[in-house]
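Subject: Handing over a structure

Dear colleague,

Here is the structure that I promised to pass on to you. Please look through it first, and then read the notes below beside it.

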Amino acid sequence: MSELTVTVVRLGLLALLWVFVFSVVGVLRGDLFGTRVTARAAKAAPAPRPAPAPKPAKVAKAPAPSRRTPHTVVVTEGPLRGTTITLGQQSVLIGRNPESTLVLDDDYASGRHARIFPEAGEWFVEDLGSTNGTFAGQQRVHGPQRLTVGSTLKIGTTVLELRR
């Protein structure tokens, strides 16, 4: 081999070594300092569009909320004690991921741990494949499970209660 080839191979291996060192430092930094929680900016509402002419159609009514339907989720135990989330029409994603609706700073919670979602006028919880599991009361959640007022969810060291 020529001297030029040996020098190019040496420089290539040196560059590869530095890429490896920087990737190891990045992983260690992420493990030591955790994920960065970014503030969420309010999204601007899109400009209203002119409504098309209404068509005569039969409109189905949404089921009336019952007394057993929860309207809020309250954190009763854990680092976020006292946090309240109002249940609307959207799902509530719970986990360590900064994009979650309820971001848990809990070593026993997964990035996307569980979600609470509405279906047919009722609320359900499902575990999203978490390592340590989601518990509704004392039972581990394996599939979608119906929630009522007073239901408790345990995710790691955090306990959530559904209230009216």
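**Strand pairing**

Strands β10 and β11 pair in the antiparallel sense over four bridges, where two strands count as paired if DSSP finds at least two bridges between them. Before going further, please keep in mind that this is a predicted model, in which local features need pLDDT of at least 70 and side-chain atom pairs count only at pLDDT 80 or more, whereas totals for chains, interfaces and linings use all residues. Residues are numbered from 1 along each chain as its sequence is written, and side-chain values use heavy atoms, with hydrogens and water left out.

Two of the facing positions can be named: E77 stands opposite V159 in β11, and V75 has L160 as its bridge partner in β11. Strand β1 pairs in turn with strand β2 (residues 84–86), again in the antiparallel sense, over three bridges. Here the bridge partner of V73 in β2 is I85, and in the hairpin of β1 and β2, which has six residues between the strands, G78 takes a positive phi near 115 degrees.

**The chain as a whole**

The protein chain has one helix and 11 strands, and these names refer to DSSP runs, numbered from the N terminus, with helices (H or I) of at least four residues and strands (E) of at least two. Read along the sequence, the pattern is α-β-β-β-β-β-β-β-β-β-β-β. Of the 164 residues of the protein chain, 26% count as buried, where buried means under 20% relative accessible area, exposed means over 50%, and partly exposed lies in between (1.4 Å probe, protein chains only). If we take contacts (heavy atoms within 4.5 Å) with a separation of 6 or more, residues 24 or more positions apart account for 40% of them in the protein chain.

**The nonpolar core**

The largest nonpolar core has 20 residues, and those with the most contacts inside it are I94, L102, I116, L153, I155 and L160. Such a core is a set of buried Ala, Val, Leu, Ile, Met, Phe, Trp, Tyr and Cys residues joined through side-chain atoms within 4.5 Å. At least two residues of this core come from each of β1 (72–77), β3 (92–95), β5 (114–119), β6 (122–127), β10 (152–155) and β11 (158–163). Leaving aside neighbours within four places in sequence, L160 is in contact with V73, V74, V75, T76, I94, L102, S151, T152, L153 and I155.

**Salt bridges**

How many salt bridges are there? The count comes to three, if we require a side-chain nitrogen of Lys or Arg within 4 Å of a carboxyl oxygen of Asp or Glu. Side chains of opposite charge can pair when their charged atoms come close.

- R115 forms a salt bridge with E126, with the closest N and O atoms 2.5 Å apart. This pair links distant parts of the chain, since R115 is in strand β5 and E126 is in strand β6, 11 residues apart. R115 is partly exposed, with a relative accessible area of 26%, whereas E126, at 17% relative accessibility, counts as buried.
- E122 forms a salt bridge with R146, and here the closest N and O atoms are 3.0 Å apart. Because E122 lies in strand β6 and R146 in strand β9 (residues 145–147), the pair ties together parts that are 24 residues apart in sequence. E122 counts as partly exposed at 29% relative accessibility, and R146 counts as partly exposed at 45%.
- E161 and R163 meet through their side chains in a salt bridge (3.5 Å, N to O). E161 is partly exposed, with a relative accessible area of 22%, and R163 counts as partly exposed at 36%.

With best wishes
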